[in-house]
Amino acid sequence: MTFIWTTIGALLTLSIYSFLYKDNPFYKFAEHLVVGVSAGYYLVIYYFNFIHPNVFSPVFLLRMGGEPIGFGSFLWWMALIPGLLGILLYARFFPKFAWVGRWALGVYVGGYAGLGISPVMQARVIEQLRANAVSVAGVEDPFAAMTNLALGVVIFAAMTYLLIVKRNLGTKNLLAKIGVLLVSAVMGYAGWWVLSLISSTGVVSLTNILLVVGLLGTLSYFFFSMKHKGLLGGLARVGIAFLMVGFGASFGYTVMSRVSLLIGRVSFLLHDWLHLID
Amino acid sequence: MMRRQIPLALCFIFGVFMTIQYFIPHHSVADMQERILMWLQTLLAFAFLLGTVSLIKLHYHKIRNRADDRAYSFVALAGLLTMIGLGFFHPSHNLPGSPFSQMFLNVQVPIEATMFSLLAFYIASAAFRAFRARTLEATLLLVAASIVMLGRVPIGDLIHEGLPQATRWILEVPNLASKRGVMIGVGLGMMSTALKIILGIERAWMGGGD
């Protein structure tokens, strides 16, 4: 029996992968099958987890959580209300009375909107600000070397840009160009070295500085009440750089999670179904 | 009045109660909050049932109108009715090994996992077309994505032992800073939208008409 179920799973897996070639009847079959099966699955789960214990059982069987309840009692009415509200949702099948469904929607939308405000404020705003309110004094900095390297590269790039592109791009003398490049390289390296020295002595935590600057930059980028120029414009540009690194990281992370799923499916086909690999 | 004012009033009353109940440490308020939460979950179940009825209607009409792809409508309805039959009329549908759970494990789970894994191919081809290091920002995105992808697989460690560490650094410093900024912005947006809904400023949920 297990082999039959595994074979069904394997054939459906291959049907979905056939879409890589082009849209075809096998893919459409599996696609429609999963729509029906998942709708049926969640319908059964929702009924037995919510509708049956919260409405059907108390209202018709006069039992709540195994305990008997009286017809017309407070608990009976409390169980009847969500049932009536739920039935109101079906008024949309009768255009003349479709507006009645809004009563149930009003309860649902308002209830969840109110339920969400405090947790969202706590988890998404206050806790994030608290976690980012870090000390710039270097206490524990496991990424000091990496941060210094990154800052060193940035400083080197900035020096090169300022000294060569901005001031001396027009110079014709090759020796002067090489000299400027060398000076900027030395200055960049010196800046990197000084930062490394400061970080290793524990005076400042560069990682924490980056966290604070990154957050301020990102928030500045999404602050549309003022024109992005001057300090705000500069911070917004820094924010874009951080956002791009964040998007890149998210993209890479997503790709790897999908590849992990792919490996899982191939392993299912070759190991669980065909027993070709251990 | 009945068509728009009562739903708005219900939305306001339930919204305000669910907002302030966090700040009233009394057992009667906690009981009421628990009861309303149960109502909301039950309403969600009824709404899901409504969606299923719409799905049945859609495929029924396709079959009745002899649409070209009606064969697949039979497949969808067969899957749905099989699960309903196994769930409601099989005595031990929720036990491991029952036909209901076998259908879930061997039909739904493999198809969904495979569909998500398909994205590995499309996301890679999309990246190949979209990733061009034309600007500094695009270069940052490209470099960060490449490092994270290489740093999370064994070959990354073989290429250079610093790659996994660089991946960790990217995820825990610049990525975290930007994600926190986005999360705070989303949180403030969610709160303001919830307030607008409760106060009746945002009424899109009521739909059009009277």
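This is a predicted model: local features need pLDDT of at least 70, side-chain atom pairs count only at pLDDT 80 or more; totals for chains, interfaces and linings use all residues.
**Notebook: a two-chain model**

Residues are numbered from 1 along each chain as its sequence is written, while chains are lettered from A and ligands numbered from 1 in the order in which they are written.

**Confidence.** I checked pLDDT, the predictor's confidence in each residue, from 0 to 100. Chain B has a mean pLDDT of 92, with 100% of its residues at 70 or more. For the complex, the predictor gives an ipTM of 0.90 and a pTM of 0.82.

**Chain A in outline.** I used DSSP runs, numbered from the N terminus: helices are H or I with at least four residues, strands are E with at least two. Chain A has eight helices and two strands, and along the sequence they read α-α-β-β-α-α-α-α-α-α.

Next I looked at burial, where a residue is buried if 20 or more other C-beta atoms lie within 10 Å of its own, exposed if 12 or fewer, and partly exposed in between, with C-beta atoms placed from the backbone. By that count, 31% of the 278 residues of chain A are buried.

For contacts, I asked whether the C-beta atoms of two residues, placed from the backbone, lie within 7 Å. Among contacts in chain A with a separation of 6 or more, 48% join residues 24 or more positions apart.

How far should helix α3 (residues 70–89) of chain B span? The expected span is 1.5 Å times one less than the number of residues, so the 20 residues of this helix should span 28 Å, and its end C-alpha atoms, 27 Å apart, agree with that. Its buried residues include B:Tyr72, B:Val75, B:Gly79 and B:Met83. Among the elements covering the buried residues of α3(B) are α2 (25–61) of chain A, and α2 (27–64) and α4 (99–130) of chain B.

In chain A, helix α3 (residues 74–88) has 15 residues and reaches 21 Å from its first C-alpha to its last, close to the 21 Å expected. I found A:Ala79, A:Pro82, A:Gly83, A:Leu85, A:Gly86 and A:Leu88 buried there. They pack against α2, β1 (63–64) and α4 (101–132) of chain A, together with α2 of chain B.

**Where the chains meet.** The contact takes 97 residues from chain A and 102 residues from chain B. On the side of chain A that touches chain B, α4(A) gives the most, with 24 residues. I sorted that side by type: Ala, Val, Leu, Ile, Met, Phe, Trp, Tyr, Cys and Pro count as nonpolar, Asp, Glu, Lys and Arg as charged, and the others, Gly among them, as polar. It divides into 66 nonpolar, 26 polar and five charged residues.

**Cores.** A nonpolar core is a set of buried Ala, Val, Leu, Ile, Met, Phe, Trp, Tyr and Cys residues joined through C-beta atoms within 7 Å. In the largest one, of 55 residues, A:Ala104, A:Val107, B:Leu43 and B:Met83 touch the most other members. Helix α2(A) gives the most to this core, with 14 residues. I also found a second, separate core of 29 residues, which includes A:Leu215, B:Ala145, B:Leu176 and B:Ala177.

Is A:Leu33 buried or exposed? A:Leu33 sits in helix α2 of chain A and counts as buried, because it has 22 C-beta neighbours inside 10 Å. Leaving aside neighbours within four places in sequence, A:Leu33 is in contact with B:Val75, B:Gly79 and B:Val107.

A:Leu219 lies in helix α7 (residues 206–221) of chain A. With 18 C-beta neighbours inside 10 Å, A:Leu219 is partly exposed. Beyond four places in sequence, A:Leu219 contacts B:Gly181 and B:Ile184.

My last stop was A:Gly70, in the loop between β2 (67–68) and α3 of chain A. A:Gly70 is exposed, because 9 other C-beta atoms lie within 10 Å.
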